[in-house]
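I opened this model to look up two things.

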Amino acid sequence: MSNTDAPIIQFENVNKWYPSNGYHVLRDINLSFAKGEKVVICGPSGSGKSTLIRCINALEEYQEGKIIVDGTVVGDDVKGVDRVRREVGMVFQQFNLFPHLTVLENLILSPTWVAKMPRNEAIEKAMAQLERVRIAEHADKYPLQLSGGQQQRVAIARSLCLTPKIMLFDEPTSALDPEMIKEVLDVMIGLTDQGMTMLCVTHEMGFAKAVADRVIFMDQGQVVEQNTPEEFFNNPQNERSQDFLSKIL
Ligand code: ADP
Ligand code: MG
């Protein structure tokens, strides 16, 4: 049942341990994200940021509590996972493009195989997304013929081909050379007026200030502080946030 005021993503008392080593990686997470909200998640390496967002589309399991995405409880059954994954796009630090497929073939793979979209329609949609990330002229190249920034823009376009309601970004610019960071952030900023909900793990403060409604700071598996970007960056309340910001600023 989607109700316009209901949060699109909700974490209720979520706890997660990694089975291999028993590490308690998410500790009592309670978070709620409104439809269309843009949120930046930051925190030291190892604080659980990737784990948190990977739980949203069931790339990781959790043991306690509940994650609800657009009315579906994540992890209850396979159908639920499929439903959630159709609504959630994800972009990783490493672009994860198929090197033996052209840019265009990378984009139409899921729409044609998973969503069973006719090939012509998939190509048309893919070209529109490539225009959106300003890379349409490279449609017939292979990923490794492109720069890192261009590959990441292709990865973003690929996610958009399934018209997700939610986009998750996990440090999308941290594998890029400095001169390529801006072109990727600009593309991401361009997506923010589409009403899509965006969660982005990043330490790019300029991006956070430009687009985020809220910044969430994590440390040791907990949400330690959350606030508007202005308040968080200018006036962090928690000692751990202050310490973190003193290191990245
Ligand atoms: P972040 O994205 O904030 O750097 P992660 O969510 O990747 O943090 O990891 C949080 C903690 O969980 C780290 O200490 C990491 O070593 C541990 N961890 C991550 N993945 C696994 C795994 N598959 N098995 C065991 N421990 C893991
Ligand atoms: Mg991470």
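Helix axes here are lines fitted to C-alpha atoms over the stretch in contact, and angles run from 0 to 180 degrees between N-to-C directions. Helices are DSSP runs of H or I with at least four residues, strands are E runs of at least two, and both are numbered from the N terminus. This is a predicted model, where local features need pLDDT of at least 70 and side-chain atom pairs count only at pLDDT 80 or more, while totals for chains, interfaces and linings use all residues. Residues are numbered from 1 along each chain as its sequence is written, chains are lettered from A and ligands numbered from 1 in the order in which they are written, and side-chain values use heavy atoms, leaving out hydrogens and water.

**Helix packing**

I began with α3 and α5. Their axes are 8 Å apart and the packing angle is about 25°. The two helices are therefore roughly parallel to each other; that label covers angles under 35 degrees, with over 145 roughly antiparallel, 65 to 115 roughly perpendicular and the rest oblique. The crossing of α3 past α5 is right-handed, meaning that the near helix is turned clockwise from the far one by less than a right angle.

Next I took α5 (residues 148-160) against α6 (residues 178-191). Their axes come within 8 Å and cross at roughly 20°. That makes α5 roughly parallel to α6. I noted a right-handed crossing here.

Then I checked α3 (residues 103-113) with α4 (residues 119-132). The axes come within 9 Å and cross at roughly 125°. That makes α3 oblique to α4. This crossing is right-handed.

**Ligand 1**

Which residues come nearest to ligand 1? Of the 13 around it, they are Gly46, Gly48, Lys49, Ser50 and Thr51. I counted a residue as near if one of its heavy atoms lies within 4 Å.

I sorted the shell by class. Four residues are nonpolar, eight polar and one charged. Gly counts as polar in this scheme.

I then listed atom pairs. An oxygen atom of ligand 1 sits 2.7 Å from a polar backbone atom of Gly46. A nitrogen atom of the ligand is 3.4 Å from a side-chain N or O atom of Ser20. For the side chain of Asn21, I also found a ligand nitrogen at 3.4 Å from an N or O atom.

Finally, I asked which elements give two or more residues to the shell. They are β2 (23-33) and α1 (49-56). The largest share, three residues, comes from α1.

Technical notes: Polar contact = N/O pair within 3.5 Å; in protein donor to acceptor, adjacent residues only side chain to side chain.
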